[in-house]
Each structure stands twice: as C-alpha cells, then as structure tokens.
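Please read the numbered points beside the sequence and the model.

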Amino acid sequence: MWFFVRDPVRDFPFELSPEPPEAGPPGLWALHRGRKKATGSPVSIFVYDVKPGAEEQTQVAKAAFKRLKTLRHPNILAYIDGLETDKCLHVVTEAVTPLGMYLKARVEAGGLKELELSWGLHQIVKALSFLVNDCSLIHNNVCMAAVFVDRAGEWKLGGLDYMYSAQGDSSGSPHKGVLELEQYDPPELADSSGRAVGEKWSADMWRLGCLIWEVFNGPLPRAAALRNPGKIPKSLVPHYCELVGANPKVRPNPARFLQNCRAPGGFLNNRFVETNLFLEEIQIKEPAEKQKFFQELSKSLDSFPEDFCRHKVLPQLLTAFEFGNAGAVVLTPLFKVGKCLSAEEYQQKIIPVVVKMFSSTDRAMRIRLLQQMEQFIQYLDEPTVNTQIFPHVVHGFLDTNPAIREQTVKSMLLLAPKLNEANLNMELMKHFARLQAKDDQGPIRCNTTVCLGKIGSYLSASTRHRVLTSAFSRATKDPFAPSRVAGVLGFAATHNLYSMSDCALKILPVLCSLTVDPEKSVRDQAFKAIRSFLSKLESVSEDPTQLAEVEKDVHAASSPGTGGTAASWAGWAVTGVSSLTSKLIRAHPSASPSETNAPQRPTPEGLPATAPTPVPTAPMTSGHWEMQEEDRDTADGSSADRWDDEDWGSLEQEAESTQAQQEDWSAGGQAIRAQGGSPAHKSESDWNSWEAEGSWEQGWQEPSPPEPPPEGTRLASEYNWGGPEPSDKGDPFAALATRREVGTQPRRDSWGDDNWEGVETESRQAKAEQARKKREERRREMESKRAERKAAKGPMKLGARKLD
C-alpha cells in the first residue's frame, strides 16, 4: 500500500522570488520578495529557518508569528498568511521594503523630502501609542531594522520579536542576544539598583529617539552620538531632546509627543500630514468637507511624493467618485495624478471612470471633462470614442448653456482624428451647420468656424468639397466681426483643399466683398488672403504644369498631415481671433444670425446716415479690433505657423472693456456698434427642425440673386407727377429706389449682404415713439381734469360730511 505525503511548502499559495533575500530584522528573519500564485500580486515573505540548538530563538520567532497574526492596525505591518513547519516559519505580509533601503534609494534619486519623513515618523509614533495605550504592550525593538515602507510610502512598524506585556515588570522581557539591537536600549536598563524607574513607555520612547537620529543622520554608531542632533530639523530638536533625556520619567507618552509636534510651527504640522489624516477619516467626513478638500488638493499634489499620489490619493479619488458622489471636483486632482501613471495603468484605472463620467447629466462634470480632454484623449482608442464618448458629447451642441456649447465645439478638435466616417462627415457636420446658422452667441459661431478650419483636413474629399466653401462663405456674412475674420482665416488655412476654379469663381468673389467691411481687421485679413490666392492662381497661370501639384490634396483622402501644411502656408493669417471672442460674450451680447439689425455698412456719400439702433451695452469700435490686430502683428513679427497655438478663449472669462478711438472708414466717420440683445433661446421644437433648415445643402448655399420686378412696374421717372410736362431727365431717386427694392428682397440666407439696416428696427422705433406720445397726451389730459375739479369744489377737510 502506498501513502502520499502532502508537502505543505509546495501547497503553500505563495512562492518565493528567486532573488536573494533583502536585509530583514537582524538575527532571526530573512526578508524575501514573493507573489501570490493565483493572481501574481506581490507580497513580502519573512522566512525563519529552524536550527538545532537554537530553541530560544525559535520560541522568539514563533511568538513574533503569533503577535503579528493577532495585531491589526493601519501602522503595523499587515499579516496576510503564514506557514509553520518543523523546518521553517513563513510569514506573508503586504509588499514592503526595509526603511534603510528605502531611504538610501530616495536619497540617491534626489527625491527625499522632510514631508515624507514627517508623515513616516507620525505613523510610527501612532503605532507605539496604540501598543502602549490601547494594548498595554511594550515593543522593545524600535529601530531602523524594525520599520518597513509599502509601495505608497507608508511606514509600518514590524519587528515584534521581543514584545512583552506592560502590566508586569521589565524582567519578563525576552533576551535579545544581538549586539546590534542592544545599543538601542535606554541607560536605565543597565542600572541594577532600580532607582531610575520610569513609565511603561519610557524605554520605547528612548528607542524612538534613536530612530529619529538614524533617519536624519544615518546608522547610529554608539549611544553617545545621540547628544549631537546633527541634521535633525530645528522644529523637532526640542521634542527629540525629551526622548533621549537621562531621566526616564520626563520622556512623554507617544500620544503626548504627537500632540506637541502637531502644535503650530511643529515638525508634524504641515499640509502633507493634514492630507493623510483627512484621507484616513474621509469615510466619516461631511460632503461639504470632502468638496472643500478635493478643491484644495490639486494645489498640493505637486509637492507630494509620486508614490503617495499613485497608491493612496488615486484610490481615494476613484472611491469618492464611484460611491461618494463627489462630482466634478475630483476631476482636476484625478487628471493631475494620472500624469504619474504609465499608459497601461491609465487605461486600467482612469479611462473606465472617464467613460462613465461622460454619461453624467451634471453640467459641471461635463464642462470640466471637455476643458481637460487634452489630458486623456491620447489614451482613448477609436472604438471607445465613437461608441461611448461621442454620443454623449454631441448632446452638448444642444445644451442651453452657452459655455457647454462652446467647450463642446472646442473638444471636436481633439476628437476629430479618432471619429469614424459617419460621425465626422455626417453627424458632426450637421451640428456644425446648425450652430453656425442658428446659434445666438457670436463667439460660438466664430469658434465653430475656427474648429472647422482646423479639422478640415480630416474630412473626406466629398465632404470638403460640399462643406468648406459654403461654410466659410457664410461666416464672412456673420454680423459678429470675429466670425467674419474666422471665415477668412478658414479659407487661408484650407487653401490646398480647393481647386483653382473654386478659388477663382467662389472664394475670391467672397473675399473681395470683405474689402469694404466696416471692421479694419476683417479688411486687412481679406486683402492678405486675396493677395495669396491671386499669387497662387498667377503661378499656375504662368506654369500650367504646376496644376497637378497644387491640386494634389483636393481629391485626396482625409489625412492629419494636410492640416499642418495648410496652417504653415496660412501662417500670416493667424491673428488670434478666437482669443478675442470670449472678451465680448458678456460685455457685448452678440447678435443672432436671424436678427436683422446687423452691423451697419459704410454710408455712401450723399446719402443720409440711418440712426443706429440703441443697444444696452457699451459700443465696440472698429478701432478696438484694430488695436488688437496691431498688437498681435507686432508680437508675431513673422509668418510662422501659429494656427494650432491660438487660444480659444472661454465664456467663463471676465469681459474686458477697452476704450479706443474709432476708425474713420466712412465719409461721416460713423461708429460701428457691437450688436446687443440676444434673442430668447430656441425651444426644443426649433432645435428638432435643424435638419431641414440648418443642413449644409440648404443653409450654407450661396444666396440666390434678387428676382427682377414684375412686368409692368414703372420707375419713378416714368410718372407725371403733376408738373407742366414730363421731365427728360432721369429721376434722381430711381437708383436709390432700385437699391431699396433689392435690399428688402427676401433672401434664403439670413445673413445677406445688403439688408444691414433692418426694416423691423425702424418699425419698432416708430411704435415706441407712438406709444410715448400717447402716454404724454394721457398724462396732460389727467392733469387738466384734476385742475378743473380742484378749482370748482375747493379743498375738502378730512372727516367732513358732504352736504346736499
């Protein structure tokens, strides 16, 4: 009969690393790195080999095994598993490194800070306070070799081999028999008279003083070296001297020592210790306290150790989002800590949370995600973007909050390279068409045009041909001046995507109409673009063989590299127009493209200037834009590529009011006012109709020419107005009447070139004047009636009865 003997070591769920053991507590244990067989997670394994004739040490090792298994505290080495056989003892704990090795590695890396040491000492003192005050145990082995550090930089107290109860006398303490450990014993232990008897914690606090000396000065050569504090910080020296005093009764209790060092100006009174203490109690904190903590956390993360941020702060941030309803405040510190992670760790820990955040209905969360998208976009793959991110992001185009709509537009610059054919060329273009045609905020329409110019190279050839020319042409007719500048810059940035015929027949006519724009910045950019397009056409005209090279990108597939070439060619056109839009959003409510009170064109000589419509905000003169343009040109000084470096601006920035002299463009030097009074936001039913009204085919096509007058219509010069005889001269008002008819002709494009004065504005002014006159007449009538009654009856006394 065969008997199979089970090998407990082989069946042990943990295995040792083949690497040599690290330095563990002197005399007994050898510290090995290991891992769990099932999961591969790292652990530390303390191994004691039973030797013949060493029964006393074996009993000490077994007692330490038992103590570590039963003691549970955050600052004491965490026990995971153990194995006891006749030949060896295995104690499995969390993965740790001996303190001596950890400090040496940190010093060599040049990253050891007093903040780390302050929190580490705080943890060791707190562990001693737990042992002495709560468990009535004396550690009896506090030294550098008994302290370990986990992956988050947390200090753990180990070395429980010589622990004994504090309820008896010190004669019950185990004998160490190791010279390296006996040098940490206090001097009163050598006094056989027993006169120098202190408190139960006195011996451990002496050893704590030795540990503090070693942390700042290195290994302790002899006990006499404790008289010289060396490199111990000045704020800690007074408390250190209490620990190594000759009188054991003066040494403070561990809890009292913590209280003294946490006083204002103390060594343990700093932001790092406060942050750790808050994280330890975060589960019982009030929501308002958590919000404030996470808001202030980002400012301190730069000064905190990287391992601490990765392994202690990050788990708390993820937990706060998943279960604590922390909201958007965790985003800033979360992405800041994410910079410390590898690409694999980022994909595993951050990306799932980010994807979940995009489905949130919290507006603060959504706008923070959009603002900080550049920090995590590189870690998102295309399937995730198209199926889990983009469907939620596009809801921002329909949001009633202008800030979210603006940030959604800006985010498309980062998402466009990862979008598929349907999302980019169909879904996104529909939303852009609706924004540019209907949005009531001028800066948003401007940023839509800017974004379209930057992502134009990612569009398919058919979409580029159908969209770009119409979109930028519509932008040049926008009432908001920066939008018109953005339209010109869009043409320039995507110049290589147009055929020569499109340049000559579609683009140049649009640009030429801007040479008489009221804003000087628009005119300047229009002239620059015209010169560049003309030079391009001229070069092809002189050398027709260049046509194929010039138009090589027109029918090419979408390519990210095309946009860079376009931006380089159009470097002169970059003026930072998008950085100016945010400064107007509050000070100057922009006009909706559906409004008729558009910017006034220069008044031709000989015609009376129409009175401008009063607006509630301060006027923005063309001189202001000119000053911004001149400053930008002076700063640039060259035609370097700056398209991708421009600041988008933000709706959340404060408006800046700048008073500048008005540009004298027209004969009368009329001021150009910024448009005011945004219309009410469109209802949901209006947004649902954008497919019919805001599509690229209908909304961005060139306006049809005005229809000729009906048959039989006669001009004013053809009538006899009662004079002696018909005049042979042409009616001087005929040309003016014709122009007025053309100007009031209905147009399919609400941003027409001619109807800038606005008939509705005049009708509103007439109605307001009529109502004012009626109120004045009514007031005079009431006053006259009161005067008649007063003169007829005279004054009446209060309380008098009216007699017949």
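1. The expected span of a helix is 1.5 Å times one less than its number of residues. Helices (H or I, at least four residues) and strands (E, at least two) are DSSP runs, numbered from the N terminus. Helix α17, residues 402-415, has 14 residues and reaches 20 Å from its first C-alpha to its last, close to the 20 Å expected at 1.5 Å a residue.

2. The model is a predicted one, in which local features need pLDDT of at least 70 and side-chain atom pairs count only at pLDDT 80 or more, while totals for chains, interfaces and linings use all residues. Residues are numbered from 1 along each chain as its sequence is written, and side-chain values use heavy atoms, with hydrogens and water left out.

3. Helix α17 is mostly covered, with 11 of its 14 residues buried; buried means under 20% relative accessible area, exposed over 50%, and partly exposed in between (1.4 Å probe, protein chains only). Among the buried residues are I404, R405, V409, M412 and L415. The buried residues of α17 pack against α15 (363-371), α16 (382-393), α18 (421-438) and α19 (442-455), where contact means heavy atoms within 4.5 Å.

4. At the start of α17, a side-chain oxygen of N401 comes within 3.0 Å of the backbone nitrogen of A403. R405 and D440 are joined through their side chains by a polar contact of 3.4 Å. A polar contact is a pair of N or O atoms within 3.5 Å; within protein, one must be able to donate a hydrogen and the other to accept it, and residues adjacent in sequence count only if both atoms are side-chain atoms. D440 itself lies in the loop between α18 and α19 and counts as buried because its relative accessible area is 7%.

5. An open sheet is formed by five strands in the order β1-β2-β3-β5-β4, with antiparallel pairing. Its edge strands, β1 (14-16) and β4 (79-84), each pair on one side only. Two strands pair if DSSP finds at least two bridges between them. Within the sheet, β3 (residues 42-49) and β5 (residues 88-94) run antiparallel and are joined by seven bridges; V43 has E94 in β5 as its bridge partner.

6. Strand β8 (residues 147-150) directs V147 and V149 one way and F148 and D150 the other, and all are buried. Over three bridges, β8 pairs in the antiparallel sense with β6 (residues 96-98), where P98 stands opposite F148. Strand β9 (residues 155-157) also pairs with β8 in the antiparallel sense over three bridges, and W155 is the bridge partner of V149. β8 and β9 form a hairpin with four residues between them, and G153 in the turn has a positive phi of about 85°.

7. S136 has a positive phi near 50° and is placed in the loop between α4 (114-134) and β7 (137-138); its relative accessibility of 19% is why S136 counts as buried. N140 has a positive phi near 70°, sits in the loop between β7 and β8, and is counted as buried because its relative accessibility is 5%.

8. How many disulfides are there? The count is zero, a disulfide being a pair of cysteine sulfur atoms within 2.5 Å. For C143, the nearest cysteine sulfur is that of C210, 9.4 Å away. C143 is buried at 2% relative accessibility, and C261 is buried at 0%.
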